[in-house]
Amino acid sequence: MYSFPIEYVEPVFRPPSEAKSLILPVTNGCSWNKCTFCEMYTQPQKKFRARKPEDVRQDIDKAAKSLRGVKRVFLADGDAMVLPTRRLLEILGDLNAAFPELQRVSSYCLPRNLAKKTVEELKQLKEAGLKILYVGMESGDDEVLRRINKGETWDSTRSALLKIREAGLTSSVMVLNGLGGETLSRQHAINTATLCNETQPDYLSTLVVSFPQGEERFREGFGEDFIALSQQGLFEEIRIFLEHLELEKTVFRSDHASNYLVLKGTLGRDKQKLLDQVNLAITSPGAVPLRPEWQRGL
Ligand code: SF4
């Protein structure tokens, strides 16, 4: 009987664009694991640890023996970039040796992961095959970031994204629509836009914030004044965000299953087109196809 060469500690997460990648766990869990809205790695088996080098090597060897034509590898779990550069270079070296057709390696990346890494080190990683870093910006507003306990600021995220850019790596940034609730919606939208403008990510996507453990639980961390945005409120926040974006060449997507309104385009080129779609969703809700509630995957 065939069994997949890697035994995963579930649950395992990856960005939608890594659907065809070999998922290689090099760490378990997330080294921060304190964001109030995130339940990804809260189960006991996902407690953070770096995996032993011999275990990772064994997985690579087993995968090389049983999988043909591996072109893409995603380094799991939540922030493989927490590993020292030397260790990441070893892993990339092993991957290149095992998979001759390898084209790209990617990973989630917390801004804090890059605080001690230099642009020179990131260039070495790029040379060794690392191509894309997925950064959960969530918000560019310091008050929102503080209330969700992200452990980052506008400045720390800016610094990490500029390093990624300077090293020539591709950045893919996620932001959370509705994260500031009604009270902080406007400043969340504007400061997130200014952070994106400052860092010019290659890819930018928006997801709608969800409350897997209930809104009340989220409010405990965020503050009692949190009022979740209505569907119209979410659209209005996206409108303010788009209005303030000054991007030169960023692929923009709000097509994650959590979104009611699917938007796709390249910014700045398609800014007005996207704004027209959002305006239509606000003024004539029936005129724009929206994802029904039951189809939304959170
Ligand atoms: S850094 Fe990312 S994975 Fe870690 S707790 Fe925060 S949102 Fe979750």
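**A quick tour**

Guide: Let's start with Ala-98, which sits in helix H2, residues 85-98. Keep in mind that this is a predicted model.

Visitor: Okay. Which residues does Ala-98 touch, leaving out those up to four places away in sequence?
Guide: Ala-98 touches Ile-60 and Ala-64.

Visitor: Is Leu-130 buried or exposed?
Guide: Leu-130 has a relative accessible area of 2%. Buried means under 20%, so Leu-130 counts as buried.

Visitor: What does Leu-130 touch, again skipping residues up to four places away in sequence?
Guide: Its contacts are Met-81, Leu-92, Val-105, Ser-106, Leu-125 and Leu-169. Lys-46, on the other hand, is 24 Å from Leu-130, C-alpha to C-alpha, and 84 residues away in sequence.

Visitor: Now pockets! How much space lies in the largest pocket?
Guide: The largest pocket holds about 1,400 Å³ of space. Its lining is made up of 46 residues, and the ones nearest the centre are Pro-15, Pro-16, Tyr-108, Met-174 and Leu-207.

Visitor: Which elements give two or more residues to that lining?
Guide: Those are strands S5 (104-108), S6, S7 (170-177), S8 (203-208) and S9 (250-253). S8 gives the largest share, six residues. And S6 is the strand where we found Leu-130.

Visitor: How does the lining of the largest pocket divide into nonpolar, polar and charged?
Guide: There are 27 nonpolar residues, ten polar and nine charged.

Visitor: What about the second largest pocket, what volume does it have?
Guide: About 220 Å³. The second largest pocket is lined by 17 residues, with Cys-35, Thr-36, Phe-37, Glu-39 and Arg-217 nearest its centre. By class, that lining has six nonpolar, seven polar and four charged residues.

Visitor: Next up, helix H7. Which of its residues are buried?
Guide: H7 spans residues 215-222, and its buried residues are Phe-218, Arg-219 and Phe-222. Looking down the axis of H7, they fall within an arc of 105 degrees, so they line one face of the helix.

Visitor: Why would residues a few places apart point the same way in an α-helix?
Guide: An α-helix has 3.6 residues a turn, so residues three or four places apart point the same way.

Visitor: Nice. What do the buried residues of H7 pack against?
Guide: They pack against helix H4 (142-147) and helix H6 (181-199). Just after H7 comes Gly-223, with a positive phi of about 130 degrees.

Visitor: One more residue: where is Thr-42?
Guide: Thr-42 is in the loop between strand S2 (27-28) and strand S3 (49-50). Thr-42 is partly exposed, with a relative accessible area of 44%.

Visitor: Last thing. Which residues does the UniProt annotation "domain: Radical SAM core" cover?
Guide: That annotation comes from an unreviewed UniProt entry and covers residues 16-246. Over residues 16-246, the chain is 42% helix and 18% strand, with the end C-alpha atoms 26 Å apart.

Definitions and conventions
Residues are numbered from 1 along each chain as its sequence is written. This is a predicted model: local features need pLDDT of at least 70, side-chain atom pairs count only at pLDDT 80 or more; totals for chains, interfaces and linings use all residues. Side-chain values use heavy atoms; hydrogens and water are left out. Helices (H or I, at least four residues) and strands (E, at least two) are DSSP runs, numbered from the N terminus. Buried means under 20% relative accessible area, exposed over 50%, partly exposed in between (1.4 Å probe, protein chains only). Contact means heavy atoms within 4.5 Å. On a 1 Å grid over the protein atoms alone, a cavity is a set of points where a 1.4 Å probe fits but cannot get out, and a pocket is an open set with protein on both sides within 12 Å along at least five of seven lines; lining residues have an atom within 4 Å of a point. Grid points are joined across faces, edges and corners, and a volume is the space filled by probe spheres set on the points. Ala, Val, Leu, Ile, Met, Phe, Trp, Tyr, Cys and Pro count as nonpolar, Asp, Glu, Lys and Arg as charged, and the others, Gly among them, as polar. The arc is that of the directions from the helix axis to the C-beta atoms. UniProt positions are given in the numbering used here, feature names are shortened, and annotations may be inferred rather than shown by experiment.
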